[in-house]
Amino acid sequence: MPHLSSDATPTPGWNHRHLLDLERLSGDEIRLLLDTAARFKEATDGCRRKLAVLTGRTIVNLFFENSTRTKTSFALAARRLGADVVDFSASGSSLSKGESFIDTAKNLEAMGVDAVVVRHATPGTPHLLAQHLDVGVINAGDGPHEHPTQGLLDIFSIRERRGDLAGVTVGLVGDIAHSRTARSNLWGLLKLGAKVILCGPPTLVSSRWREVGVEVSHDLDAIVPRCDVLNLLRIQFERQNTRPFPSVREYAHLYAMTRERLKRARRDLLILAPGPINRGVEVTADVADCPQSLILDQVTNGLAVRMGVLWLICGPREDASIETAATPAEGRFV
Ligand code: CP
């Protein structure tokens, strides 16, 4: 068993115990996260192979909202790095007996986990947890507030195709009011020098966003020809008390990315969507599956980003580095 140090040498440029949001990270810290993800993608042959650099670490997935991509991706990323993963399920837990959220988390911490990946409907839940736990807390989505690893993987996918983000124009289209993905994207993109346009109906895109340096538009047809990237966001009906537009059909007519709109876009426009996608609402099926669509590349890149985040948050093993670690399949690594 290799020696594990609880105070392994921190990665230069990274001084955070938690990953709670992108709003409070600097451009250099976001670049470090993206660069680390790129190193893992390369070292694992496109996220397909194992690289046992976090052997002996334990990650707990603490999800209080549904998830397909994020929960699976964190679990796979952790296992590819040799860490153990525990999936905590709120239903069937002692929360039903009145145990508090913080007590639940502290009990999991007492079992010796190294990081907690948390998703919760209430904004700020990961921040609250970080005040009570000594181990790393990673925000996997807190209500409509932020979804930092989604923002990172979206930006990573753009950077892979376009290189430097400076000067790249990204349109975030749809339900900005309820989208944690939109928030994490806009903070990350602004810090890397991209131009951000928020687009959607006035009921879902407040003009107050202009105060942070983004453009606000309610006319998708006007912005499509100007964008290098469109990130198409789902309408989050589950977070809305009243319907923000008369009908889904009318919304789709005005804001769905369609083949007709694609004809008026730049030839090299990149189409992103964080998923889950609702075909026929924010994007038509043919556009979701067209060559410019990075939707499934984003999912693969999510693994690389989460490997990088786990590595930075859990603390690298002192005898392990990304480039020198061999895969278990090669028989050279413990
Ligand atoms: N994009 C995203 O967060 O997907 P899940 O809700 O399936 O995790």
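## Contact between the two domains

In this predicted model, 26 residues of domain 1 are in contact with 23 residues of domain 2. About 2,000 Å² is buried between domain 1 and domain 2, and 61% of this area lies on carbon and sulfur atoms. On the side of domain 1, Leu34, Pro144 and Glu146 together supply 29% of the area buried against domain 2, which is more than any other three residues provide.

## Domain layout

The chain is divided into two domains by assignment: domain 1 comprises residues 27-146 + 302-327, and domain 2 comprises residues 148-297. A distance of 26 Å separates the C-alpha centres of domain 1 and domain 2.

## Packing of helices H1 and H11

Two packed helices are described by the angle between their axes and the distance between the axes. Helix H1 spans residues 27-43 and helix H11 spans residues 295-314; the two pack at an angle of about 115°, with their axes 8 Å apart. Angles of 65 to 115 degrees count as roughly perpendicular, and H1 and H11 are therefore roughly perpendicular to each other. The crossing of H1 with H11 is right-handed.

The contribution of H1 to this contact consists of Leu33, Thr36, Ala37, Phe40 and Lys41. These residues meet Asn301, Ala304, Val305, Met307, Gly308, Val309, Trp311 and Leu312 of H11. By residue class, the contact of H1 with H11 comprises nine nonpolar residues, three polar residues and one charged residue.

Key:
Residues are numbered from 1 along each chain as its sequence is written. This is a predicted model: local features need pLDDT of at least 70, side-chain atom pairs count only at pLDDT 80 or more; totals for chains, interfaces and linings use all residues. Side-chain values use heavy atoms; hydrogens and water are left out. Axes are lines fitted to C-alpha atoms, for helices over the stretch in contact, and angles run from 0 to 180 degrees between N-to-C directions. Helices (H or I, at least four residues) and strands (E, at least two) are DSSP runs, numbered from the N terminus. Angles under 35 degrees count as roughly parallel, over 145 as roughly antiparallel, 65 to 115 as roughly perpendicular and the rest as oblique. A crossing is left-handed if the near helix is turned anticlockwise from the far one by less than a right angle, and right-handed if clockwise. Contact means heavy atoms within 4.5 Å. Ala, Val, Leu, Ile, Met, Phe, Trp, Tyr, Cys and Pro count as nonpolar, Asp, Glu, Lys and Arg as charged, and the others, Gly among them, as polar. Domain bounds come from an automatic or database domain assignment. Buried area is the accessible area (1.4 Å probe) that two parts lose on being put together, summed over both.
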